[in-house]
Every structure is written in C-alpha cells, then in structure tokens.
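Thank you all for making the time this morning. I would like to walk through one structure with you, going residue by residue where that helps and then stepping back to the helices and the space between them.

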Amino acid sequence: MTNSAADGYRTTEGLSRLAFIAGGAGAAVSVIGGVFDSAQFFRSYIVAYIFWLAIPLGSLAFLMLHFLVGGKWGVMIRRLLESATRTLPLIALLFVPLLFGLQAVYPWAAPGHVAEDEILRQKSAYLNVPFFIARTILYLALWGALGHFLNRWSRQQDASTELPAGKFMRRLSGPGLLIYLFTMSFASVDWIMSIEPHWYSTGYGIIWIINQGVTALAFAIVGLAWLGSREPLATRLRASHFHDLGNLLLAFIMLWAYMMFSQYLIIWSGNLAEEIPWYIVRTEGLWRWLPPLLVIFHFFVPLFLLLMRDVKRNRSSLVWVAAGVLVMRLLDTFWMIVPGFEHSALHWLDATLMIGMGGLWLGVFLWQLEKMPLLPLHVALLEEEANAHG
C-alpha cells in the first residue's frame, strides 16, 4: 500500500498557512517590542528557543533509538520524527539573532561583569564569546549532519524493497546517540546553565536531555492522533501502537521526576551557599506556585492515568494526557530559565516570541511533513524488520 505526498498536503495545507501567519504576526510584534526593550527581547527569545528546540532534538534521539532497537511504535511516528529533524536548519538559523544579545542574557559575555567578578574571571577560559560561538556552530552542525543523513537514507529506503539503507541508519544511530548525548550535555551548560554562571549541577545536561525526550514524545503522540484518521494510517494504526507510546511516555515522565528529585535532594542535603540560591529564587514570588503544579500535573496525574491500560489504548484519552504534558513542559521551561535572570518577572514578549517562533517552526514542520508519505513505503517489510530488532 502506498500513499502520495499530495494526500499529506491536503491534510496539512490549511494548518501550515495558519501557523505561518501566527508566526509572522508574533515575530512582527516581538520585533517592535524589542526596539523598546532589547534586553527583555533576548531573554524571552532564549526561553522560546529552548522550548521549540526540544522537539526536533528529542525527535532526532527517538529516531536513532528506533533504528537501533526497532518496534512498530517507531514505524507509526517515523514520518513525524523525520519531519521534525528536517527543521534543524531552521533551528540553526534562529540561533543567529541571539548572537547580537549575548550580553543581555549571559553575565559572562559582558566585560564589565567579568572584570568585577572573580568567579567569572576563573571561568573565562571556557565562558567567553568566541569559544561559545565556536561550540554552538559545532553542536548545530553535528545535529544537522545526523538529521541529513538519516533522512537521506530514509528516502532511499522508500525507493527499494530490499531496505539496504536500514543498515546505514542503524550503523549511524549508535554513534549518533552518543554524539547527541555528549553535545546536548554541553549545550545545556552553555545555553542555559551559564545564565547563572555561579551555579552548577552535574546532572543538568541529563535533565535537559530527558526534557527533550518528554516534549518530543508528547508532540509525536498528538501528531499521530491528528493524522490517524487519514490514509494510510487509518487502516494500519492500532490501539496497541498508542499503548506502546503511552508506556514510553510513562517511562520518560518517571525518569524526569527521578532526575529532578535527585538534583533537589543532593543540593538540599549539601546545603551549600553556591548551590541553594538556584532553588531559593524559584520558590519566591510567582514562581513558588510552579513546583507543586509541576509535581501534580507533570508527574502524579500523568503517572496515575498512564498506569491505566484503557487510557493508553484510547486515542482521545492519551492525546489529552500528552497535550497536558506539553503544557507542563512549557511551564517547566519558564521555571528553569526565567528566574535566573536579574529581572525575573514574566513579560508579554514571552508570549509573543513563543507564538512567533512556534508558528514559524510548526509551519516549516508541516511543510516538511507534506514532502513524504505519511507512512514509509514497503510498510510490511519495515514492520518485519522492526519486530526483528525490537
């Protein structure tokens, strides 16, 4: 059974246009706001960037994981994951504006701060603008290369019934996952943790890797449910596929809770002056309401619901859980980043930039989704291969 890319176009054309319109409007309003408050513009920009970055990078990791271990769950969401990874060039392009506002986001990028701060002077060999830009280029280039070759071989696999490209994808995915884990660990330190350069956590990189996994998987579940009524997914999608994805989401939510609690427990037990301020500023003012909200709706509620077999096998129920997790991921991203700024209040630019960047990213994602069939061709062979490696 085959399907044409034109079928996908008819199902996504209207939403893609709407996304581009919303993204353009949000970007235009944000640029106007940035003219009057450039520092706030760049601070809101980094929050939106980190949130939308999570979907393509998490998708890249899941795509490589699927090529390594197989499983029918990966066949069903493969086109969604591949389309998300093809937005990595846009992600690289969206980082460029941040280069003009590094001093507004990172204290170590301002020479005046470094001159007055002994700790920043000691870290200047690593935290300096030229080295930061060089590392950023390396991260984006490696992620883009991984996504490029995996998508290239996926197209080759569509054109052949012998699936020789699958071997290349498996061979790349093992080292590729290691590259992703290594580079994202450093990127999380460079882009996020260095906003508060006096603070550090050895588990910070792993936390953001898990964050990206949760975000990408929840997004894929919502996308699969949206496309599930369209051919050829409609005749192949089963409750068992959603059940597998629900189990995977449950595992990552539990892993997120474990890592967040472990970091808190270690810092609380150590009670060191250089570590506890990170939690103090995040439990004051408006921010004090987010930790209990995250504990309840990012962990306990999804945990309770995803332990139920009927919820995981029901498309509508699982979509609501996944959508709720995406909302919690958005709130958690704000909670982990914004209090680290000198002026940590929420701003209307946070909303406009989130909408602007999100609209542009979704528009490109849907445009890429139109380029290939909603399911890989030779599905029977792919499922047989997936079962053999799962």
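Let me start with asparagine 151, which is placed in helix H8, the helix that covers residues 129-158. Please keep in mind throughout that this is a predicted model. Is asparagine 151 buried or exposed? Its relative accessibility is 2%, and because the cut-off for buried is under 20%, asparagine 151 counts as buried. As for what surrounds it, asparagine 151 touches Glu82, Thr85 and Arg86, once residues up to four places away in sequence are set aside. In that part of the chain there is also arginine 79, which is 72 residues from asparagine 151 along the chain, with a separation of 9.7 Å between the two C-alpha atoms.

Staying in helix H8, we also find threonine 136, which is likewise counted as buried, at 3% relative accessibility. The contacts of threonine 136, again leaving out residues up to four places away in sequence, are with Phe95 and Trp191.

I turn now to helix H2, which runs over residues 38-69 and has 32 residues. From its first C-alpha to its last, H2 reaches 46 Å, close to the 46 Å expected at 1.5 Å a residue. Where does H2 bend? The bend, of about 30°, is at alanine 54, and a proline, proline 56, follows within four residues. I note the two side by side and leave it there. H2 is mostly covered, with 27 of its 32 residues buried, and what follows the helix is glycine 70, whose phi is positive, near 75°.

The side chain of glutamine 40 is joined to the side chain of serine 44 by a polar contact of 2.8 Å. Beyond four places in sequence, glutamine 40 touches His347, Leu349 and Asp350.

The other is leucine 57, also found in H2, which counts as buried at 0% relative accessibility. Which residues does leucine 57 touch, not counting those up to four places away in sequence? They are Leu88, Trp143, Tyr180, Met184 and Gln212. The C-alpha atoms of leucine 57 and alanine 84 are separated by 8.2 Å, and these two residues are 27 apart along the chain.

From there, let me move to helix H16, where methionine 336 has its place.

Next comes helix H17, covering residues 348-369, which has 22 residues and reaches 31 Å from its first C-alpha to its last, close to the 32 Å expected at 1.5 Å a residue. H17 is mostly covered, as 16 of its 22 residues are buried.

What about open space in the model? The largest pocket holds about 480 Å³. It is lined by 18 residues, and the closest of these to its centre are Trp52, Phe219, Val222, Leu326 and Leu362. Which helices each supply at least two residues of that lining? They are helix H1 (5-36), H2, helix H10 (204-227), helix H16 (315-337) and H17.

Finally, there are two loop positions whose backbone I would ask you to inspect on the screen. Proline 232 sits in the loop between H10 and helix H11, residues 233-236, and a cis peptide bond joins it to glutamate 231, with omega about 5°. Asparagine 271, for its part, lies in the loop between helix H12 (239-270) and helix H13 (277-280). Although asparagine 271 is not a glycine, its phi is positive, about 55°. Asparagine 271 is exposed, with a relative accessible area of 52%, whereas asparagine 151, where I began, is buried at 2%.

That is where I will stop, and I am glad to go back to any of these residues.

Key: Residues are numbered from 1 along each chain as its sequence is written. This is a predicted model: local features need pLDDT of at least 70, side-chain atom pairs count only at pLDDT 80 or more; totals for chains, interfaces and linings use all residues. Side-chain values use heavy atoms; hydrogens and water are left out. The expected span of a helix is 1.5 Å times one less than its number of residues. The bend at a residue is the angle between axes fitted to the seven residues ending there and the seven starting there. Buried means under 20% relative accessible area, exposed over 50%, partly exposed in between (1.4 Å probe, protein chains only). A polar contact is a pair of N or O atoms within 3.5 Å; within protein, one must be able to donate a hydrogen and the other to accept it, and residues adjacent in sequence count only if both atoms are side-chain atoms. Contact means heavy atoms within 4.5 Å. On a 1 Å grid over the protein atoms alone, a cavity is a set of points where a 1.4 Å probe fits but cannot get out, and a pocket is an open set with protein on both sides within 12 Å along at least five of seven lines; lining residues have an atom within 4 Å of a point. Grid points are joined across faces, edges and corners, and a volume is the space filled by probe spheres set on the points.
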